Amino acid sequence: MTTTTGPAAVTGAVGSAHTRVEGVAKVTGAARYAAEVPFANLAHGWLVLSTVARGRIRSVEAEPVRRMPGVLDVLYYGNAPRVDATYEGMMGRPDPTVAVFQTDEIPCAGWPVALIVAETSEQAREAAESLVVHYDKEPHDVDFFPGRPGSYTPDGDGMRVEKGDVEAELAASTHVVDAEYSTPEEHHNAMEPHAATARWDGGRLEVIDSNQGSTWIADELAKLFSLDPASVRVRSEHVGGAFGAKGLRVHQVLAVMAATVLDRPVRVVMTRRQVFSLVGYRSPTAQRVRLGAEPDGRLRAVDHEGLNLTSTVHEFVESSASFGRPMYAADAHRSVNRVVRLNVPTPTYMRAPGEAPGSFALESALDELAEKCGMDPIALRVRNEPEVGPVSGLPFGSRNLTACFEEGARRFGWAERDPRPGVRRDGRWLLGTGVASATFPVIVAPSTASATAEPDGTFTVRITASDIGTGARTALTLVAADALEVEPGRIRVHIADSDFGPATIAGGSMGTRSWGWAVRDAAIELREQLALGGDIPAQGLTVRSDTGAAIGALAQKERHSYGAQFAEAAVDVGTGEVRVRRMLGIYAAGRIINPLTARSQLVGGMTWGLSMALHEEAVRDQITGAHVGADLAGYHFAANADVPHIEADWVDDPDPDDPIGIKGIGEIGIVGAAAAIANAVWHATGVRHRHLPIRPDRVIQAGSPRA
């Protein structure tokens, strides 16, 4: 028993720059990722994927492979354990892909057809490459294009929203923009590929994984395998990137299947090529935007229709047309999201799903409208600032977009900009600047947390949060330190263990807001108990929090983070090469917990937007239905040499309805960045680029000015 007088009063942790609490462990290699945690008697699984885009498996020649050195088993549809994927999980009905090896059907190229389990990963790979699978092929269709026959508007909220008479307002408008935009298929490619290890220990299933929410994965696995939820434990202490791709996937399911069959730990790690087929991606989009305005730029109509593809087995909507709903006041509004089913893997959430491609289209169209109206692009946006939600009519929680533009314009030197396109030159380079708005909804979900006062004067916080590289562990340390009124060095935060209790996922920019609320509540209650005096028992004094009731009581409002994106682009008049010289993002994104990691998140998002604008494009072979160049040599993205001087900063914008003032920053950095770059390319050349990426061949074909 130890006596304490309570924590010493120390404040100001939140809002101060703090290096990552796990930083030393990561740079020294002490931090172990999912494929690095050691297990005795570990077996290794290697996936075999379909080489046809549609059909059925006629036969699997498993016996010759079973006789190969080290091979323990070959799992496929003929012998795999049965699962039940008809459940409703946290994200709704699961993609049938997770019900792996349940039928002989092949709906797309890259569909899992077998798992080889062996003593070593090398033996498993050799055997996988030797496995012969016979198929009965059927005709496939992977062709996606605007106006694709067979598209439809899905059922459900938010797929179609209308206010006023769009056609009448367009007809009455002085200036009209009617243009089509497109974005290609894009892939996450996290630094750490997907990996999971499963084992049974004393009748309990344990999974070591790389995921965005251990509670989420534990619940899904329990439902899929018809297990008692209490008998499943999932841990994911360190994650090397995710942003939508690391939910329940086939590798966790197959690791559990193989561990069950062999009664020993089994690890399944995806290759980079397998990741292209198995973990989801951002669907290509075809978008049409129509804007109608008065001579002074006041919007009369906003009409936005987006089309994306989905698989034949599961519906996923990339809701690009939804981006503008909270953004600009207009007399009439229509936004419709449509999908078409093709023989492709199911897309999934990817950083700022919907908002990233949707902002490219709408913010490019607004730039075109500003040109028609003879207005400055910022002035046009400010002219159409709404007082309440343009479609919902709800009050805003807070809306400081105008402040972002004011601060950004000052720092970027926007006032010195010549609005005429194609007039600035630096040798062989034409120079231009562009701007765009950014927004992302503010989301919060119930979570639980515990805080423990230890006898040695330290504090332990436990929460099933997930740090996917964002610095969440450090942010929660600062939140706990402020709530307990102690130095951050006295706080130990343990995360990503489903045994810690329910907590929401790292996604939708809601992680830190949701977890921080729960951690704060637990820490404050603990501080109040300590203030009463008394002894701390040897096992520590622990309190738990649950934010479900408080979050359920929140009033309905339009809650969003906002930002203003600025970019300067240089275009080579001879080669068509585009180089972004500088970018600036100013955000109104709630109270910033840790400026050091927050700035990294925003700069990372802007870099991703640059990559989206100029580089990223996955291409499918129409004949095979598979990717062309499904690797980091064939799939281009921004490297260090492509990234210019990027600045990210923010205006004061605490959320009045959050106990800490948090909104969310993970997604918004990419929103609008591609549009700002495309608008800068127009300003440099006088030619619009409505289709991403802006490749040199497209610049040349568009007929940009020459030297």
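**Helices, rings and loops**

Tutor: Happy to! Helix α8 (residues 355-373) and helix α15 (residues 673-685) pack at an angle of about 35 degrees, with their axes 8 Å apart. Keep in mind that this is a predicted model.

Student: Why do you give both an angle and a distance?

Tutor: Two packed helices are described by the angle between their axes and the distance between the axes.

Student: OK. Is the crossing of α8 and α15 left-handed or right-handed?

Tutor: The crossing in which α8 passes α15 is right-handed. On the α8 side, the contact is made by S359, F360, E363, S364, D367 and E371. From α15 come A674, A675, A678, N679 and W682.

Student: And what classes of residue are in that contact of α8 with α15?

Tutor: There are 5 nonpolar, 3 polar and 3 charged residues.

Student: New topic: aromatic rings. How many aromatic pairs are there?

Tutor: The count comes to 8 aromatic pairs. One of them is F405 with F566: the ring centres are 6.5 Å apart and the planes are at 75 degrees, so this pair is edge-to-face.

Student: Where do F405 and F566 sit?

Tutor: F405 lies in helix α10 (residues 401-412) and F566 in strand β24 (residues 560-572), so the pair ties together parts that are 161 residues apart in sequence. F405 is buried, with a relative accessible area of 2%, and F566 is also buried, at 0%.

Student: Which other aromatic pair does F566 form?

Tutor: F566 pairs with W414. The centres of those rings are 5.8 Å apart and the planes are at 70 degrees, an edge-to-face pair. W414 lies in the loop between α10 and β17 (424-426), while F566 is in strand β24, so this pair ties together parts that are 152 residues apart in sequence. Both W414 and F566 are buried.

Student: So which residues make up the cluster that ring pairs link together?

Tutor: The cluster consists of F405, F412, W414 and F566.

Student: What about charges sitting over rings?

Tutor: Here are two cases. R351 lies over the face of F243, at 4.1 Å from the ring centre. The charged end of R620 sits over the ring of Y281, 5.7 Å from its centre.

Student: Let's stay with F243. Where is F243, and is F243 buried or exposed?

Tutor: F243 lies in the loop between β12 (232-235) and α6 (250-262). F243 is buried, with a relative accessible area of 16%. Its phi is near 55 degrees, a positive value in a residue other than glycine.

Student: Why point out a positive phi?

Tutor: Most residues other than glycine have a negative phi, and most peptide bonds are trans. Another example of positive phi is A352, with a value near 60 degrees. A352 is in the loop between β16 and α8, and is buried at 0% relative accessible area.

Student: You mentioned peptide bonds. Which residues does a cis peptide bond join?

Tutor: A cis peptide bond joins L692 and P693, with omega at about -5 degrees. P693 is in the loop between α15 and α16 (696-701).

Student: How many residues apart in sequence are E138 and G55?

Tutor: E138 and G55 are 83 residues apart in sequence, but 4.7 Å apart in space, C-alpha to C-alpha.

Terms used: Residues are numbered from 1 along each chain as its sequence is written. This is a predicted model: local features need pLDDT of at least 70, side-chain atom pairs count only at pLDDT 80 or more; totals for chains, interfaces and linings use all residues. Side-chain values use heavy atoms; hydrogens and water are left out. Axes are lines fitted to C-alpha atoms, for helices over the stretch in contact, and angles run from 0 to 180 degrees between N-to-C directions. Helices (H or I, at least four residues) and strands (E, at least two) are DSSP runs, numbered from the N terminus. A crossing is left-handed if the near helix is turned anticlockwise from the far one by less than a right angle, and right-handed if clockwise. Contact means heavy atoms within 4.5 Å. Ala, Val, Leu, Ile, Met, Phe, Trp, Tyr, Cys and Pro count as nonpolar, Asp, Glu, Lys and Arg as charged, and the others, Gly among them, as polar. Rings of Phe, Tyr and Trp (its six-membered ring) pair if their centres lie within 6.5 Å; planes under 30 degrees apart count as stacked, over 60 as edge-to-face and the rest as tilted. Buried means under 20% relative accessible area, exposed over 50%, partly exposed in between (1.4 Å probe, protein chains only). A charge sits over a ring if NZ of Lys or CZ of Arg is within 6 Å of the ring centre and within 35 degrees of the ring normal.
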